[in-house]
Amino acid sequence: MTQRASKELLLLGLLIVITACVAFFSQQYIKNRSSLQLGLNQMDQFSIDMEKKFSKQVKNIIIKDAALVNSPEISHLIDSITNRFEHSIEDIPYPIEVLVVNSSTVNAVTFPGGLIVIYVPLIRLCDSPEQLASVIAHEVAHVVNRDPLKRMVRQFGVSTVLSIMGGGSSTHLQSVIKNLIDVTYTREQEERADSTAFFFLAEAGICPSHFSDFMNKLDEETSEGDSPLRYFSTHPPVRSRIQNANSAALKYDVDAIPLDFNWDELLKGLPSIFD
C-alpha cells in the first residue's frame, strides 16, 4: 500500500468515527429532550389538591426542623403583602403561605402548593416593605406558573414525584426539601416569573421599580463579595432584570398604594443568626 493510500484510509476512518460520534450524541440529545418534554407534558397528572397536600407535609417538616421567626409584626407585614396579591390577582390556585426562617443564607424558596420560605437575611437586605413585596411577588409568580412542581419533575421524574406526593417518610421528605433548595429554575422560568411578578405588583398598587431597587442593592452586596447570596446566584443576569423592572415601571405607570409599616422598627425586631 502506498503512503498516499494509507493517508486516505486513515482519513476515511476518522470520518467514520466522527460521523458515528455525531449520530450518537444527537440521538442522546433527542432522547433526553423528549424525556423532559414528556415529563412536562404530564403535568396534568398532578392535581392542585395533591400539591396542597404536599405543601402541608413540607410545612410540617420545616416547622419541626427550621428556626422559624414568630414575630406578630413580621406576620402582619407578610399577611398584608400576600392579601394584596390574593385580592388583586385572579386565578391563584393555592392559598399563599409564607414562612420566615432564621438563617445565615440570603435566599427564598418556593414549594409546590403555594408554600414560600423567606430567609431573614433576605428581609434585612430590603430597604422597604415594597422591596420585600417585590421579592414575594416573584415567588408568587413561580407558584402561579407551577414552576416548583416542574422543577421537581425535571429533577426526579414523573413517577418519583407522584410517589413522593402520595406520601413518604419524613426522612425522605427532608432529603427532597434539601434537594429542591439546591436545584435552580431554568432561566426561562426565572424571566417569566419576573415578568409575571411585575404584573402582580402593578395590580396590587406597588410599582415594579421596587424590584429594580432591590436588584441594585443585591448587586452591590454581591460586588462586595462578603455575603452568601444564594438567591442571587440562581437567577438571570442582574443588569437585565433591573432594566426589565424599570421598563415595567414605565409600562404600568402604577398609582402606588404605600405599605404603611415602620421598616426600621420591623428590622430591629428580626432575630440574627447569633440569637
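Residues are termed buried when their relative accessible area is under 20%, exposed when it is over 50%, and partly exposed in between, with a 1.4 Å probe and protein chains only. Helices (H or I, at least four residues) and strands (E, at least two) are DSSP runs numbered from the N terminus. The model is predicted, so local features need pLDDT of at least 70 and side-chain atom pairs count only at pLDDT 80 or more, while totals for chains, interfaces and linings use all residues. Residues are numbered from 1 along each chain as its sequence is written, and side-chain values use heavy atoms, with hydrogens and water left out.

Helix 8 covers residues 170–182, and its 13 residues should span 18 Å at 1.5 Å a residue, in agreement with the 19 Å between its end C-alpha atoms. The expected span is 1.5 Å times one less than the number of residues.

Leu149 lies in helix 6 and, at 0% relative accessibility, counts as buried. Apart from neighbours within four places in sequence, Leu149 is in contact with Met43, Phe46, Glu51, Pro112, Val161 and Met165.

A nonpolar core is a set of buried Ala, Val, Leu, Ile, Met, Phe, Trp, Tyr and Cys residues joined through side-chain atoms within 4.5 Å. The largest such core has 49 residues, and Phe85 and Leu132 have the most contacts inside it. Helix 5 (residues 129–144) supplies the largest share of this core, eight residues. A second, separate core of 24 residues includes Ile61, Val109, Met152 and Leu180.

Helix 9 (residues 187–203) and helix 12 (residues 238–252) have axes that come within 10 Å and cross at roughly 35 degrees. Axes are lines fitted to C-alpha atoms, for helices over the stretch in contact, and angles run from 0 to 180 degrees between N-to-C directions. The contact involves Asp194, Phe198, Phe199 and Ala202 of helix 9, and Arg241, Asn244, Ala245, Ala248 and Tyr252 of helix 12.

Key: Contact means heavy atoms within 4.5 Å.
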